[in-house]
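Subject: Structure for you to look at

Dear colleague,

I am passing on the structure that you will find just below.

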Amino acid sequence: MFRLLISPKFVGFKNGLKRSRSKIKIKVLTLTGTGILFWLALFFLSCRVLIYFSSQEIIGDILARHLLAMALLIFFSLLIFSHIITALSNLYISQDLELCHSSPARLTEIFLSRSFYTVIDSSWMLLVFGLPVMMAYGFVYHAGLDYYLSLIHVSFPLIIIAASLGIMLIMVLVRFFPAQRARDIIMFLSLILIVILYLLFRFLRPERLVNPETFISVAQYLGALKAPDSPYLPSHWATEILWARLIKYTGGHVLNHLLLWSTAFALVVIDIWMAGLIYFDGFSRAQEAKRRSRTGRKILERIVSVITRPLGPDMTSLIAKDVRTFFRDNSQWSQLLLLGALVVVYLYNFSVLPLERSPIRSIYLQNALSFLNIGLAGFVISALSVRFIFPAVSSEGQAFWIILSSPLSPRRFLWSKFLAYLLPMLVLAEMLIIYTNYLLKVTPFMMALSSVTIFFLVFGIVALGVGLGAVYPNFRHENIAQVATGFGGLIYMIISSVFIALVIMLEAGPVYTILSTHFRGEEITHLQWIWIVGSFIMVIFLNIFAVQRPMAAGLKAINGYEG
Amino acid sequence: MIRFENLTKIYRGIKAVDDLNLQIPQGTIFGFIGPNGAGKTTTIKMMAGVLRPTRGRIYIDGLDIAKEPSKVKRIIGFIPDRPFLYERLSGLEFLRFKAGLYGMKEDRLDERIWDLLGLFELREWADELIESYSHGMKQRLIIAASMIHDPQVIIVDEPMVGLDPKGAKLVKEIFRQWAGEGATVFISTHTLALAQEICQQIAIVDKGRIVASGTSEDLRKQAGVEGDLERTFLKITEGVAGK
């Protein structure tokens, strides 16, 4: 029965591959290619770090071991976290669960098959991307076959422990809260946790560790390095086993192996026992309808209504609906916390730049940084857009028929989405640029140039998000956050980055000429003027192109949509 | 009035709708019945402007939906078979949103919405999020939303799915009332008893083609059987399958 219960996933995957059309095959190939590139980049980066460490006498090995402990602890924590998320869906929310529970299969069999799904869904990505770091260790330390065998041997119990803990936690949580509410709580808590960890990490200023001279003593330096490790953590046992293999130390790892496997087995037994007690009760509660009243955000709605009034009742209704659903979807609005953290760290980084200690003339550096800042701010806006704007069309979900059957034309629909996001993005981008330029104390010329450049860049970035979001829609998503992580999101990030880079490349040369001739007290030649004007005209055309093309492509996609 | 001219829809080489020609007079309740996969929902979606025909034309009140989609959509009300809605809006907000899409202004809108909520017994749930509605309540809300702009043509796909007997009776009465006031109601359904009870004209569609059309009596004569519409339907569709 267990084999039968897990078969739909594999058969579905096989059929998907076999019957996929060429467009989907290209998608799979692109994703695989990008994955391999990322994998190789991570491998080479890890090798470089480890080779640098091994060149440091005395502390090199300590650093490498600490890094291994930290990496394994992070992998282990992320594994637990991803198991919590996927277990909730696989054990309580998935639509095929009703079929499983109404079948004569025993509860333990259903629980084990869904737990198996959870392990597959949660582990593969982390395993794939954790592998290059571990392979880099093996490569740099010239490890033997026993290291790679231990790697496999250690991974299995580590995944089982993380899965068991994640599933256990979700069973307890759903026992006390309905599944939908538990999902909201997890999303919210995890986001807060990520924001706190992110801010803590940034404010600890890890860049100081690269420069040991800034510490008074070696002891203080090692103290700053200390990884949060404990002999009771499974990741510690894994570190001990792998490190022993790396430095060719033969003894002492049997106990760690025993600890890993016995903990894994014990937790599986406890999970099955707990499932017998509380799993079905939680599943049953997850089916109960919940009565939720709307929450008032009258002020925001009134502001939106006033701003959008000139657009006509159809576009006003659509934008008001988008604002309401955004703030009622916890998985959407809570991402604003991430946005806040990102902006704080971005501004903080500029406030701690040691410009006065730079060997380059400060005025040049400030202007060069301001220029670089346009690119960085553009990238931050793109990263936010892929989260919020790219899924804008997909956010209509299966209710998209309402739009299609209404008199609102696809053109007005798309432009409503564009206009709804343009204003907040413009405000954010200008705020980032003006404040960072103020911190950098740049010249008025650079202040004006970067403010105008980012102003027009935002039009292109938003249009790319809306347009490509319509070209690569996902109306059947279970969670809107999934939309950004798909193939279309990747394509959007690539195109958006290329667009920003092109604008900066076109502006960089002329601006350098203007600044350098100004500082040298020289005149700009006619030829240089032609080049400067030509470059800026090309920037204008590029921006127009970046707005017009994706919106036209999006419109074509919606017109041809056959849901 | 509704008119199809050589209406055809081909999905990856398969003809879902095959050269349909049909004319439905104003003020008629028209039943579009057929077995699963006959092309009913595809036809309905093309009429509602959700799907583009491969060939042929659909005229509603003399307007070609391919050429003037916005004008046509302004005079039709579409009720799909599956009630997918914006789950995080309340029923009241959804009706306001729908009215906005049709360009309706604020004047007396709330009164109209409140009347519709009362008609479909949803007033008590007006401020609740749609995600907490039952299937039947969502279906009633969709029907209410389709009426908000007083459409001249109502296109309905399986109207009774999820409705309790009281709701079903109410919907039948509303359809009759609409038709009496001059609106055309186009119903696609599997429920032959419903078609027999309220439809003045019926077309039986199979494999994308209309195989018989007329009143219930005309169909019975064509099939050469006595009794209810079910026997007529089975005789006609089995005859098509035999060919």
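In this predicted model, L7(B) stands opposite L20(B), which belongs to β2(B); strands and helices here are DSSP runs numbered from the N terminus, with at least two residues (E) for a strand and at least four (H or I) for a helix. Strand β1 of chain B, residues 2-11, is joined to β2(B) by seven bridges, and the two run antiparallel; strands count as paired if DSSP finds at least two bridges between them. These strands belong to an open sheet of four, ordered β2-β1-β4-β5 in chain B, in which the pairing is antiparallel. Because β2 (14-24) and β5 (63-64) of chain B stand at the edges and have a single partner strand each, one side of each is left without a neighbour in the sheet. Helix α1 of chain B, residues 40-47, lies across β1, β2 and β4 (55-60) of that chain and runs at about 60° to β2(B); such angles run from 0 to 180 degrees between N-to-C directions, with axes fitted as lines to C-alpha atoms, for helices over the stretch in contact.

Residues are numbered from 1 along each chain as its sequence is written, while chains are lettered from A and ligands numbered from 1 in the order in which they are written. As the model is a predicted one, local features need pLDDT of at least 70 and side-chain atom pairs count only at pLDDT 80 or more, whereas totals for chains, interfaces and linings use all residues.

Strand β1 of chain B also holds N6(B), which has a positive phi of about 50° although it is not a glycine. Most residues other than glycine have a negative phi. N6(B) is exposed, with 12 other C-beta atoms within 10 Å; a residue is called exposed at 12 or fewer such atoms, buried at 20 or more and partly exposed in between, with C-beta atoms placed from the backbone. In chain A, H142(A) likewise has a positive phi of about 50° without being a glycine, and it is found in the loop between α5 (107-140) and α6 (145-176) of chain A. H142(A) counts as exposed, with 9 C-beta neighbours inside 10 Å.

Within it, β7 of chain B (residues 153-157) has five of its five residues buried, so the strand is largely enclosed by the rest of the structure. Both of its faces are covered, with V153(B), I155(B) and D157(B) buried on one side and I154(B) and V156(B) on the other. Strand β6 of chain B, residues 76-79, is joined to β7(B) by four bridges and runs parallel to it, and β7(B) pairs with β8 (residues 184-189) of chain B over five bridges, again in the parallel sense. V156(B) is the bridge partner of I79(B), and I187(B), in β8(B), is that of V156(B).

I155(B) is also one of the residues that touch the most other members of the largest nonpolar core, which has 135 residues; the others are V466(A), V185(B) and F186(B). Such a core is a set of buried Ala, Val, Leu, Ile, Met, Phe, Trp, Tyr and Cys residues joined through C-beta atoms within 7 Å. Helix α18 (residues 444-471) of chain A gives the most to this core, with twelve residues.

Where the chains meet, the contact takes 27 residues from chain A and 28 residues from chain B, two residues being in contact if their C-beta atoms, placed from the backbone, lie within 7 Å. On the side of chain A that touches chain B, α12(A) gives the most, with eight residues. What covers the buried residues of α12(A) includes α11 (298-308) and α17 (410-440) of chain A, together with α3 (91-101) of chain B.

With best wishes
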